[in-house]
Amino acid sequence: MSDTHLDIASQTQSLGGQGTAGDYFALLKPRVMSLVIFTAFVGIVAAPGTLHPLLALVALLAIAVGAGASGALNMWYDADIDALMKRTKSRPVPRGAILPGEALGFGATLAVGSVIVLGLLVNWVAGALLAFTIFFYVAIYTMWLKRWTAQNIVIGGAAGAFPPMIGWAAVTGTIDLGSISLFLIIFMWTPPHFWALALFRESDYAAAGVPMLPNVAGPDETRKQILIYTLALLPVTFLPVFLGVTGLIYGAGAAILSAVFLFYAISVYRNREGERADRACKKMFGVSILWLFLIFALIPVERLIGVLT
Amino acid sequence: MNNTPFSPEDLARRKKRSLVMALILGGLVVLFFATTIVRLSSNAALMAGG
């Protein structure tokens, strides 16, 4: 246990049990969880074959709880740096509402439970993928990469990219090129998304000693990398079309969305000083969330149109 | 004299947490039962077909 974990435990001078149900819900990182549920749902929809609606619901629930468990374990381990950053200092553990040990127990229980439920009730390929995702996010990203290298979110981004693969595996029981193409979209999207945030939260990350790219390589290099990763993301976006996972409706939508993403990446690259630079980064960050939602929404929309026509 | 180390607020929070936990567990029991029925009936259909 780190000094900060002991500090938090002693500052609260409590025996534990102070957290409300809402605090425990906050440990699950509900906003991240909502994106995980959505992308996993798209994985289920995109996969060839069918899954009983109740089993699909169980799969989504288990994936959501597994993602929440990862969030709780992340908040347990990162309590020291969360306490130093404006964005995270009001989280339940640094605030003292939940003791580090409680967050650890809560997260570990949910992690094991979600994997067992997905494995037993749906299939073990999906269960194993969920277990690997939790391991990757907690051990590889949170405990190792995040504090060690500026490439933390490039590699660590894989954890956030697995949910559509898990959804797909829940239907087929396999890992296919189609599901890997959905994985790659989120994997390539993550760096520009997080680096846009890191650019306007640079001082926050610097205060916590987290080696994000803007602090290590500088804002100009980060802007260049955002543009490079955006350019690499664009062809990846069309992989599901070439693999026959999606059709022309998705392709047309992806073309428009890709142009929009590139526009904002260029805006971040060009605006480097003052308020305009900050605004460009904030817009890029906001648009990137909407972009991922829309690109994945195209898949069920296309399926729905296919069913209706 | 109150011997418990927990304040009335702590106990109220605990009660609410327990209630939420009970609801979640109850929901899971229903969900697992329904899932078992679905899996059993699909297995039965497969056996009848084979």
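In this predicted model, helix α3 (residues 30-46) of chain A packs against helix α17 (residues 274-308) of chain A at an angle of about 30 degrees, and their axes are 10 Å apart. The crossing of α3(A) and α17(A) is left-handed. Chain A is assigned two domains, domain 1 (19-172) and domain 2 (176-309), and 18 of its residues are in contact with 13 residues of chain B.

**Packing of α3(A) and α17(A)**

- From α3(A), the contact is made by L35(A), F38(A), T39(A), F41(A), V42(A), V45(A) and A46(A).
- From α17(A), the residues in this contact are L292(A), F293(A), F296(A), A297(A), I299(A), P300(A) and R303(A).
- Sorted by class, the contact of α3(A) with α17(A) has 12 nonpolar residues, 1 polar residue and 1 charged residue.

**Domains of chain A**

- The C-alpha centres of domain 1 of chain A and domain 2 of chain A are 21 Å apart.
- The contact between them draws 32 residues from domain 1 of chain A and 33 residues from domain 2 of chain A.
- Together, domain 1 of chain A and domain 2 of chain A bury about 2800 Å², with 76% of that area on carbon and sulfur atoms.
- Of the area that domain 1 of chain A buries against domain 2 of chain A, 20% comes from R87(A), I153(A) and W168(A), more than from any other three residues.
- Between domain 1 of chain A and domain 2 of chain A, the count is 0 salt bridges.

**Interface of chain B and chain A**

- Chain B and chain A bury about 1300 Å² between them, and 73% of this is on carbon and sulfur atoms.
- On the side of chain B, R17(B), L31(B) and R39(B) supply 37% of the area buried against chain A, more than any other three residues.
- The interface of chain B and chain A has 0 salt bridges by the rule applied.

**Salt bridges**

- Over all chains, the search of the whole structure finds 8 salt bridges.
- D78(A) and K146(A) form a salt bridge in which the closest N and O atoms are 2.7 Å apart.
- D78(A) lies in the loop between α4 (53-77) and α5 (79-82) of chain A, and K146(A) lies in helix α8 (residues 124-148) of chain A, so this pair ties together parts that are 68 residues apart in sequence.

Technical notes
Residues are numbered from 1 along each chain as its sequence is written. Chains are lettered from A and ligands numbered from 1 in the order in which they are written. This is a predicted model: local features need pLDDT of at least 70, side-chain atom pairs count only at pLDDT 80 or more; totals for chains, interfaces and linings use all residues. Side-chain values use heavy atoms; hydrogens and water are left out. Axes are lines fitted to C-alpha atoms, for helices over the stretch in contact, and angles run from 0 to 180 degrees between N-to-C directions. Helices (H or I, at least four residues) and strands (E, at least two) are DSSP runs, numbered from the N terminus. A crossing is left-handed if the near helix is turned anticlockwise from the far one by less than a right angle, and right-handed if clockwise. Contact means heavy atoms within 4.5 Å. Ala, Val, Leu, Ile, Met, Phe, Trp, Tyr, Cys and Pro count as nonpolar, Asp, Glu, Lys and Arg as charged, and the others, Gly among them, as polar. Domain bounds come from an automatic or database domain assignment. Buried area is the accessible area (1.4 Å probe) that two parts lose on being put together, summed over both. A salt bridge is a side-chain nitrogen of Lys or Arg within 4 Å of a carboxyl oxygen of Asp or Glu.
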